[in-house]
Amino acid sequence: MEIKLPPGGNLEQIKRIEAVAITLMAKHGLRPGQAGGWSFKWGNAAKVGGTCSYKTRTLRFSAPLFSLWTTAQAVDLIKHEIAHALAGEGHHHDEIWWKIARDIGATGSRCWGKLGEKSIPPTWKGTCPKGHVRYAYRKPKQARCCGICSPHVFDARYIRKWEPNQ
Ligand SMILES: [Zn+2]
Ligand SMILES: [Zn+2]
């Protein structure tokens, strides 16, 4: 997978975090290779910091986000996902998950951002003829009209114009 870094993203930090994540996963018995093993993967998600897939037994983390975060911020999310793997499928963010998360040293927060983690600025900006602005990470493929000017029906008079967000 090709890693795409946002402006200001630090590639060295990504490499450092990968090593930290693999060590932490191994410490909690999540090792690749053998049957029932778990693996570490990078993804390019802009908003979701990490996911735990029971089907592929993979913890996947956002390279763009981690390239902007401190090691401590990344470690909290890594432990959050490790707790999902250890809790098992179906627990989501219940008491059992929460206890495991706390036991392994995570804050137990359900979503990232509480430690001051940076988010990625949206790459696209859509403006309707009346000036209502909406931001997006991908340019919509179909014309969409402004939800403020015409909330219930599609009205071509209120189509948003998209441009790169700078
Ligand atoms: Zn979670
Ligand atoms: Zn509008």
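This is a predicted model: local features need pLDDT of at least 70, side-chain atom pairs count only at pLDDT 80 or more; totals for chains, interfaces and linings use all residues.
Student: How many residues does α1 have, and what span does it reach?

Tutor: The expected span of a helix is 1.5 Å times one less than its number of residues. Helix α1 (residues 11-27) has 17 residues and reaches 25 Å from its first C-alpha to its last, close to the expected 24 Å.

Student: Which residues of α1 are buried, and which are exposed on the face turned away from them?

Tutor: An α-helix has 3.6 residues a turn, so residues three or four places apart point the same way. A residue is buried if 20 or more other C-beta atoms lie within 10 Å of its own, exposed if 12 or fewer, and partly exposed in between, with C-beta atoms placed from the backbone. In α1 the buried residues are Ile-17, Ala-21 and Met-25. They cover an arc of only 65° around the axis, and therefore lie on the same side of α1; the arc is that of the directions from the helix axis to the C-beta atoms. The face turned away carries the exposed residues Glu-12, Lys-15, Ala-19, Thr-23 and Lys-27.

Student: Against which elements do the buried residues of α1 pack?

Tutor: They pack against β1 (39-43), β3, α2 (63-66) and α3 (71-87). Two residues are in contact if their C-beta atoms, placed from the backbone, lie within 7 Å.

Student: In what order do β1, β2 and β3 stand in their sheet?

Tutor: Two strands pair if DSSP finds at least two bridges between them. The open sheet has the order β1-β3-β2, with mixed pairing. Its edge strands, β1 and β2, each pair on one side only. β1 and β3 run parallel and are joined by 5 bridges, with Phe-40 opposite Leu-59 in β3. α1 packs on this sheet, touching β1 and β3, and its direction makes about 150° with that of β1. Such angles run from 0 to 180 degrees between N-to-C directions, and axes are lines fitted to C-alpha atoms, for helices over the stretch in contact.

Student: How many residues lie between β2 and β3 in their hairpin, and which residues form the covered face of β2?

Tutor: In a regular strand the side chains alternate between the two faces of the sheet. Strand β2 (residues 50-53) has Gly-50 and Cys-52 on its covered face, and Thr-51 and Ser-53 on its uncovered one. β2 pairs with β3 (residues 58-62) in the antiparallel sense over 4 bridges. The hairpin has 4 residues between its strands, and Arg-57 in the turn has a positive phi of about 50°.

Student: Where are the domain bounds, and how far apart are the domain centres?

Tutor: Domain bounds come from an automatic or database domain assignment. Domain 1 covers 11-103 and domain 2 covers 124-164; their C-alpha centres lie 36 Å apart. A further open sheet of 3 strands has the order β5-β4-β6, with antiparallel pairing.

Conventions:
Residues are numbered from 1 along each chain as its sequence is written. Chains are lettered from A and ligands numbered from 1 in the order in which they are written. Helices (H or I, at least four residues) and strands (E, at least two) are DSSP runs, numbered from the N terminus.
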